[in-house]
Amino acid sequence: MKQKTCVKRKANPANRRLEGKPLFRQPRTDYHLHPDYSIDAEPLPIMDYCRRAVELGLTEICFTTHAELDPVRKEIDNYVIFRGKTHPVRDKRWLDGYFSEIEAARDRLRGTGLRVKAGVEIGYDLGLEKEIESLLEGYPFDYVLCAVHCLDHVAISSMDESPRYFRHRPLHRLLEDYFKVLHSGVRTGLFHCVAHLDLYRRYGLHYYGPPILTEQRSALEPLLKDLAACGMGLEINTSGLRRGLRTFHPSREIVAMAVEAGVSIFTVGSDAHRLEELGSGIDEALQLLDEFGLQNHVFSGGRPVPAVEELVPAGKKSRR
Ligand SMILES: [Zn+2]
Ligand SMILES: [Zn+2]
């Protein structure tokens, strides 16, 4: 894949914000799933998630296994699980396995109505562009998520590691660092959507207290404007609900700011690392989109498409 700087796009009228409540029942999708290729997931194959998704009545799911590429953390997390063993993420044989398993699942699911997409969640950091390009090259990814898990090579997404980072930085430094890296990721043009935008809250809230919820405003506005201008998506990640935060990533306040900035492409994802997490919080996330008059989206070959299931006749209530 050739690296391209984010080209600012004109607003696509098909993706415009719906006025008032959507006329459509929002299809139930889950666009953030970690099967057994992810080193921190339960050892459950792709097909197991697919079967469960059919049982749950989801219309579309997207696998987004982790790819961490920071060479400083090579021995820590630059791995996937392939054929039951840890396997270096840069040795791309695992991608052949990943894509062929997804393809096989699509074949077996024909007739069930479930669509299955191939994605990846990349841990972005400054200077990793070439590594990312070379990982993605030659594989038909539908969806590439931009995630910032690490700052200064320390995983702020980890309960064990994050205090090592927090201990030496005041809150303003955390936010400056986080948004600098994320904004740079958005500008690379390598990604389709931002994952869990305010992930720093997961362990940072306990450490820094409530100011972490409000002090990010000045960094957020330009980021969200660029997200809108690039036609990138913003994920409503439901994992916060399972971790005692009582809110999605990002929070309702940030979703409101994103709408204000013109972001119109939203996806919903559980960030499931085990089977019982598949689809969890999805209905609540769709309800949030409904409240803002926003449409859920799916991706094909990197292109966002509004997810439309069926018209709800006037006067009839949606299932939710
Ligand atoms: Zn993540
Ligand atoms: Zn994830």
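**β13 and β14.** I began at strand β13 (residues 297–300), which is joined to β14 by four bridges, the two running antiparallel. Strands here are DSSP runs of E with at least two residues, helices are runs of H or I with at least four, and both are numbered from the N terminus. Two strands count as paired if DSSP finds at least two bridges between them. This is a predicted model, where local features need pLDDT of at least 70 and side-chain atom pairs count only at pLDDT 80 or more, while totals for chains, interfaces and linings use all residues. Residues are numbered from 1 along each chain as its sequence is written, and chains are lettered from A and ligands numbered from 1 in the order in which they are written.

Which residue of β14 stands opposite H297? I found P306 there. The hairpin of β13 and β14 has two residues between the strands, and G301 takes a positive phi near 55°.

Buried takes 20 or more other C-beta atoms within 10 Å of the residue's own, exposed takes 12 or fewer, and partly exposed is in between, with C-beta atoms placed from the backbone.

**β4 and β5.** Next I looked at another hairpin, that of β4 and β5, with two residues between them. Strand β4 (residues 79–82) pairs with β5 (residues 85–88) in the antiparallel sense over four bridges. V80 sits opposite H87 of β5, and R83 in the turn has a positive phi of about 50°.

**The open sheet.** I traced seven strands in the order β2-β3-β6-β7-β10-β11-β12, with parallel pairing.

**G123.** I stopped at G123, which is in β6. G123 counts as buried because 24 C-beta neighbours lie inside 10 Å. Leaving aside neighbours within four places in sequence, G123 is in contact (C-beta atoms, placed from the backbone, within 7 Å) with residues including H66, D70 and H149. I also noted V148, 25 residues from G123 in sequence but 5.5 Å away in space, C-alpha to C-alpha.

**α11.** Helix α11 (residues 282–292) lies across β2, β11 (233–237) and β12, at about 160° to β12. Angles run from 0 to 180 degrees between N-to-C directions, with axes fitted to C-alpha atoms, for helices over the stretch in contact. The buried residues of α11 are I282, A285, L286 and L289. Down the axis of α11 these fall within an arc of 100° (from the directions from the helix axis to the C-beta atoms), so they line one face of the helix. They pack against β2, β11 and β12. I found exposed Q287 and E291 on the face of α11 turned away from the buried side. Just after α11, G293 has a positive phi of about 70°.

Terms used:
Two residues are in contact if their C-beta atoms, placed from the backbone, lie within 7 Å.
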